[in-house]
Amino acid sequence: MSKQIDVRFGLIAMMIVFAAFSRLLPHPVNFTPVGGMALFGAAYFTKKYWAFIIPLVAMFLSDLVINNLVYPVLYPQYYEGFTLMTQGWYWMYGSFALIAALGIFALKKVKLPVLIGTSLGASLIFFLITNFGTWASGLIYPAGLAGLGMSYAAGLPFLLNTIAGDLFYVGVMFGSFELLKAQYPRLVMA
């Protein structure tokens, strides 16, 4: 791997890690970098397996901090000790992997209309899968289509923040990287 690719890879990975840890900053519920991180990695990593590995690892590390240092202080009644993963994590991480796959498929060329479309697609993937997972757990909603409908209806107020967060982080991450590429041509892939 050449030094040119190392710098590019390192910058992309660092931007994803910073985005993941921005979840520690105060923010509206569901206004997070999840979709933006997955799409960003999918668009810019040359070896596409990194588009899954780096964002998922960054997300996992930020989850460790949030679940073990932040939430126990905010909600001590729900935490009894170290938490490796929260219940239903596989629905969230699975949606994250699907968003990366969407990005790999759709973002072969980074263009504004495609970015907006994939960002909205990322929000819908996250909404549909995580609310399905909440319903499938059987802990909150009754079995059957009525329960599934209740789960999706309950998630609708959070969908707007998910869309706003995805659009914001896609704009910041992609915009920043494109500006850096214009300033430092060695970040441009041949």
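Val-34, Gly-35, Met-37, Ala-38, Leu-39 and Ala-42 of helix 2 touch Phe-96, Ile-99, Ala-100, Gly-103 and Ile-104 of helix 4. Contact here means heavy atoms within 4.5 Å. By class, that contact has 9 nonpolar, 2 polar and no charged residues. The classes are simple: Ala, Val, Leu, Ile, Met, Phe, Trp, Tyr, Cys and Pro are nonpolar, Asp, Glu, Lys and Arg are charged, and the others, Gly among them, are polar.

Some ground rules. This is a predicted model, where local features need pLDDT of at least 70, side-chain atom pairs count only at pLDDT 80 or more, and totals for chains, interfaces and linings use all residues. Residues are numbered from 1 along each chain as its sequence is written, and side-chain values use heavy atoms, with hydrogens and water left out. Helices are DSSP runs (H or I, at least four residues), numbered from the N terminus.

Back to the pair. Helix 2 and helix 4 pack at about 40°, with axes 8 Å apart. Axes are lines fitted to C-alpha atoms over the stretch in contact, and angles run from 0 to 180 degrees between N-to-C directions. So helix 2 is oblique to helix 4. Under 35 degrees counts as roughly parallel, over 145 as roughly antiparallel, 65 to 115 as roughly perpendicular, and the rest as oblique. The crossing is right-handed: the near helix is turned clockwise from the far one, by less than a right angle.

Next, helix 4 (residues 89-106) with helix 5 (residues 112-136). Their angle is about 155°, and their axes lie 9 Å apart. That makes helix 4 roughly antiparallel to helix 5. Helix 4 brings residues including Trp-91 and Leu-98, and helix 5 brings residues including Phe-126 and Gly-133. The count is 13 nonpolar, 5 polar and no charged.

Where does helix 6 bend? At Pro-157, by about 50°. That is the angle between axes fitted to the seven residues ending there and the seven starting there.

Last pair. Helix 2 (residues 34-44) and helix 6 have axes that come within 7 Å and cross at roughly 35°. Among the contact residues are Phe-40 of helix 2 and Asp-166, Glu-178 and Lys-181 of helix 6. This contact has 11 nonpolar, 2 polar and 3 charged residues.

Note on methods
Helix = DSSP H or I, 4+ residues; strand = E, 2+ residues; numbered from the N terminus.
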